[in-house]
Amino acid sequence: MDDLPLTPPRRLSPSISIAENLDRTDRHPVLIFGSSQAGKSSLILSLILGLQTMRDISVSLGEPILDPSDSRSRAFHQQAKDTYDRAAYELATGKPVGMTIGDPFFIPVDVKPRNSRLDPVKFAFLDGRGEDYQPNEDRNADLFKALQPEIVDVLSNYPHGISVIYVAPYSISDGHDRDTPGSNFGLLGAMRGYEELRERRRQDHHLFLLTKWDQFASPMDARPLFSQAGADDVDRVLCDRYPNAWGTFQGMALEGEARERRAFMQYSSGYFKDGQYREPPHAFKATFQRYPRTIMNWLYGNAAQARRAVSETDGLRRSLFPDVTVANGPPRRSLIDALNAVLTAR
């Protein structure tokens, strides 16, 4: 596989390195890659809103990630605060979410289980422009755009385990059009960037997330596919709509027990009606809550495991919600199945 060509990034002074600040503040980075309208911001907001409704979890906006002496610290944290408060409120109340995203920024989120046996964990969720992950249409330029300097810094310099989520929407629009080729190759470029830049891979965890699942499987359908889809169901959709990115994800060169750190699942950010977020009918509420609980369970386990590895304790995974898990690694297929998937991929 060819290396991802990178243009020189904006210079980041070592004194204000984001990776160093994340390490200094003991935050677990969650890098979220996805093209425009893939659902990255909705994913983050749905996780925040989901945690806020859980009685056994205390969640809050964390302290600024950057040192106060950094000239970007105030604006950086204000953007995170606007997302955590204003954007979450707008989504929850069915208003248009008026977010304008410029350079990538991290949202500090503190999660404290009320179960005293579980450690508190501090996250830093990356949000950024989807345009940065769109293939470059200029034939005189590289197909894959260079990752932004903030992301390059974290991938190159953060010394502990990170979580990476590849957001793959079932559809960019309303679910009726096959409009995912750009998203497919955009995720491929993000994976190429990770492989090019990241040397400390042994503790990293990766999740290929099929979002907007409600466009494929209606939440209100009598069939249980929305809430009880199996790994084979999700795999079939990913093979069909993301043949290049999904195939690359399965073969990414990870260190150690790679299968345990390579997961995938379907996801719905909430109940949307007429394009607006709505409170789901009571009979379906638990079904919708299952998705953010599953993602947060995965993220908490990743962060706690990385933290314990740093402190040289047992390094075992911890679980917020033992009843929900993600599938590790793709379903095993025969050589004939794999060949047929390549030949029929569109």
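## Helix packing and burial in a predicted model

Thr83 is found in helix α3. At 3% relative accessibility, Thr83 is buried, because the cut-off for burial is under 20%. Ile44 sits 39 residues away from Thr83 along the chain, yet the two C-alpha atoms are separated by 9.2 Å. The model is a predicted one.

**The chain as a whole**

The protein chain holds 11 helices and 10 strands. It has 346 residues, and buried residues make up 50% of them. Take the contacts between residues at least 6 apart in sequence: 77% of these join residues at least 24 apart.

**Two helix pairs**

Two packed helices are described by the angle between their axes and the distance between the axes. Here are the values for two pairs.

| Helix pair | Angle between axes | Distance between axes |
|---|---|---|
| α2 (residues 40–52) and α3 | about 85 degrees | 10 Å |
| α5 (residues 181–197) and α9 (residues 243–251) | about 25 degrees | 7 Å |

The angle for the α2 and α3 pair is about 85 degrees. That makes α2 roughly perpendicular to α3, because angles of 65 to 115 degrees count as such. On the α2 side, the contact uses Leu45, Ile48, Leu49 and Gln52. They meet Thr83, Tyr84, Ala87, Ala88, Leu91 and Ala92 in α3. By class, the contact of α2 with α3 has 8 nonpolar residues, 2 polar ones and no charged ones. An α-helix has 3.6 residues a turn, so residues three or four places apart point the same way.

The α5 and α9 pair has an angle of about 25 degrees. These two helices are therefore roughly parallel to each other, as the angle is under 35 degrees. From α5 come Asn184, Phe185, Leu187, Leu188 and Met191. They meet Pro243, Asn244, Ala245, Thr248 and Phe249 in α9. This contact of α5 with α9 has 7 nonpolar, 3 polar and no charged residues.

**Helix α8**

Helix α8 covers residues 231–241. Its buried residues are Val234, Asp235, Val237, Leu238, Cys239 and Arg241. What do the buried residues of α8 pack against? Their partners are the helices α5, α6 (213–216) and α9, along with the strands β6 (205–211) and β7 (262–266).

**Two single residues**

His77 lies in helix α3, which spans residues 73–92. Is His77 buried or exposed? His77 is buried, with a relative accessible area of 18%. Leaving out residues up to four places away in sequence, His77 touches Leu61, Gly62, Glu63, Pro64 and Pro108.

Arg202 is found in the loop between α5 and β6. Arg202 counts as exposed, because its relative accessibility of 54% is over 50%. The C-alpha atoms of Arg202 and Ile162 are separated by 9.8 Å. Along the chain, Arg202 and Ile162 are 40 residues apart.

Rolling a probe the size of a water molecule over the atoms shows where empty space is left. How many cavities of 30 Å³ or more are there? The count comes to 1. The largest cavity holds about 60 Å³ of space. Its lining includes Asp132, Tyr133, Gln134 and Pro135. Leu143, Phe144, Lys145 and Leu147 also line the largest cavity, as do Gly186, Gly189 and Ala190. By class, the lining of the largest cavity divides into 6 nonpolar, 3 polar and 2 charged residues.

Conventions. Residues are numbered from 1 along each chain as its sequence is written. This is a predicted model: local features need pLDDT of at least 70, side-chain atom pairs count only at pLDDT 80 or more; totals for chains, interfaces and linings use all residues. Side-chain values use heavy atoms; hydrogens and water are left out. Axes are lines fitted to C-alpha atoms, for helices over the stretch in contact, and angles run from 0 to 180 degrees between N-to-C directions. Helices (H or I, at least four residues) and strands (E, at least two) are DSSP runs, numbered from the N terminus. Angles under 35 degrees count as roughly parallel, over 145 as roughly antiparallel, 65 to 115 as roughly perpendicular and the rest as oblique. Contact means heavy atoms within 4.5 Å. Ala, Val, Leu, Ile, Met, Phe, Trp, Tyr, Cys and Pro count as nonpolar, Asp, Glu, Lys and Arg as charged, and the others, Gly among them, as polar. Buried means under 20% relative accessible area, exposed over 50%, partly exposed in between (1.4 Å probe, protein chains only). On a 1 Å grid over the protein atoms alone, a cavity is a set of points where a 1.4 Å probe fits but cannot get out, and a pocket is an open set with protein on both sides within 12 Å along at least five of seven lines; lining residues have an atom within 4 Å of a point. Grid points are joined across faces, edges and corners, and a volume is the space filled by probe spheres set on the points.
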